[in-house]
Amino acid sequence: MEISDDAKARLSNRVNRIVGDIDVYDAEKREITRELTSHFYDHSMTHATERGSKVIEKQDIEAVFAESEDPREIAAGYMQSYVNSLQRAGFVSRAIAFVIDWIIFGLIIGFVVLMISLPFLALFPDQFNWHFTEPHYQFFVEPNGPVAMLMAFLIGSTTFIGMLVYFIVLEGTFGATPGKWLLGLRVLREDGTRIGYVEAIIRNIPKVVGNSVFIVIDALLMLLLFNKEKQRGFDKIARTIVVHKGKKKDRKET
Amino acid sequence: MQEDIDKWLKELKKGSTKLSILSLLRSGDKYGYELIHDLEVRTGGVIIIKESNAYPALHSMEGDGLVESYWKETGEGIPPRKYYRITARGQGFLEEMIREWKRYVNAMDEIWGDGNGNQR
């Protein structure tokens, strides 16, 4: 049966939306795309036939979609069946991603801090003690006054909020920080579905709270206790895993 | 109350997806939409499997060697269809599933029936 152009576009659009949410290897994605396209085509064809038409129109597609599920649900269903075949990310790739994240974050926050401090330093120089030590040519300022304290507070809170946004909000929204994204890693729930902000918050607690000690301990926990599952302590608590997007598990591992 | 019943039914149906799909494949190779549609029609709308359930189940059964798939051209401007065929292993698994299902139904019967499927 023929299909009108706008119906075809609508169908293709929906299938791509579904498959876009399925993080598996490309060959599988192509296969799923073909099968779902075929499915919706056949379903729409039934609909078109029922109303006596010889062409699949947009209304048939729309009717089928109305009866169908949310694209995310369909994607989640697929992810649940794929999760066991995805390769989980180990210590090395995750550590590299973390280092990259700190470099990127450091650059961004460094720039922001500079932007905040310059006006303060320029307009209220007397609020700071300026030190210039001869032997090593070191230069630093320390706050000495209420306005300077305000600047220090702004810098501190901006940095903290920046950390929350970078490590938690980004991961909760996209399932990855820029460092992870560059390495092709994704954070998923243990059942393969996408994480939400709750998981992002819980699993990143050791990164945001306290100093680097916590994340190091957490990473060690992974190496010592949960190496098989490739989960940090806080991954276990949040029930999250980190996978190599679109990479099948090696045969020898299964 | 209806909402709770629906939730319970949903879980129940999810557990019997493989059973219903394999049963249907016993009578011949079918493609995804055909399976979903036939199930609905044959059971008078009682068994309606959603896409998020059916296709992942088929994929998982293929991984387990219970079914095989192949693409078939349809011509006439219709996109090719992915057909599924039950394997020998799938047949064996199905027979075992039916045996267990009957055992379960009988057990349930013992709990709330009088042995003839009638409520006590």
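Let's start with helix α2 of chain B, residues 17–25: this helix lies across β1, β2 and β3 of chain B, and it runs at about 90 degrees to β3(B). Do keep in mind, everyone, that we are looking at a predicted model.

So what does that helix lie across? The strands of chain B form an open sheet of 3 strands, in the order β1-β3-β2, with antiparallel pairing. At the edges you'll find β1 (30–31) and β2 (67–72) of chain B, each pairing on one side only. If you'd like to follow one of the pairings on screen, take β1(B) and β3(B), the latter covering residues 81–86: they pair in the antiparallel sense over 2 bridges. Which residue of β3(B) is the bridge partner of B:K30? That is B:Y84.

Now over to chain A, please. Here, too, there is an open sheet of 3 strands with antiparallel pairing, and its order is β3-β7-β6. The edge positions belong to β3 (86–88) and β6 (185–189) of chain A; each has a single partner strand, so one side of each is left without a neighbour in the sheet. On average, neighbouring strands of this sheet are turned by 50 degrees against each other, ignoring direction. Between β3(A) and β7(A), residues 240–248, the pairing is antiparallel and runs over 2 bridges. For a landmark there, look for A:L86, whose bridge partner in β7(A) is A:K248.

Contact involves 23 residues of chain A and 20 residues of chain B. Between them the two chains bury about 2,000 Å², with 55% of it on carbon and sulfur atoms. Which residues of chain A lose the most area to chain B? They are A:E35, A:H39 and A:E69, and together they make up 29% of what that side buries.

On the polar side of things, the count between the chains is 15 residue pairs in polar contact, both residues being at pLDDT 80 or more. Which elements of chain A each supply at least two residues of the side that touches chain B? Those are α2 (26–50) and α4 (71–82) of chain A. Of the elements in chain A, α2(A) gives the most to that side, with 13 residues. By type, the residues on this side of chain A divide into 8 nonpolar, 8 polar and 7 charged.

Finally, the salt bridges: the count between chain A and chain B is 2. One of them joins B:K82 to A:E31, with the closest N and O atoms 3.1 Å apart.

Note on methods: Residues numbered from 1 in each chain as written. Chains lettered and ligands numbered in written order. Predicted model: local features only at pLDDT ≥ 70, side-chain atom pairs only at ≥ 80, totals over all residues. Heavy atoms only, no water. Contact = heavy atoms within 4.5 Å. Buried area = accessible area lost by both parts, 1.4 Å probe. Salt bridge = Lys/Arg side-chain N within 4 Å of Asp/Glu carboxyl O. Polar contact = N/O pair within 3.5 Å; in protein donor to acceptor, adjacent residues only side chain to side chain. Helix = DSSP H or I, 4+ residues; strand = E, 2+ residues; numbered from the N terminus. Nonpolar A, V, L, I, M, F, W, Y, C, P; charged D, E, K, R; others polar. Pairing = 2+ DSSP bridges. Axes fitted to C-alpha atoms, helices over the stretch in contact; angles between N-to-C directions.
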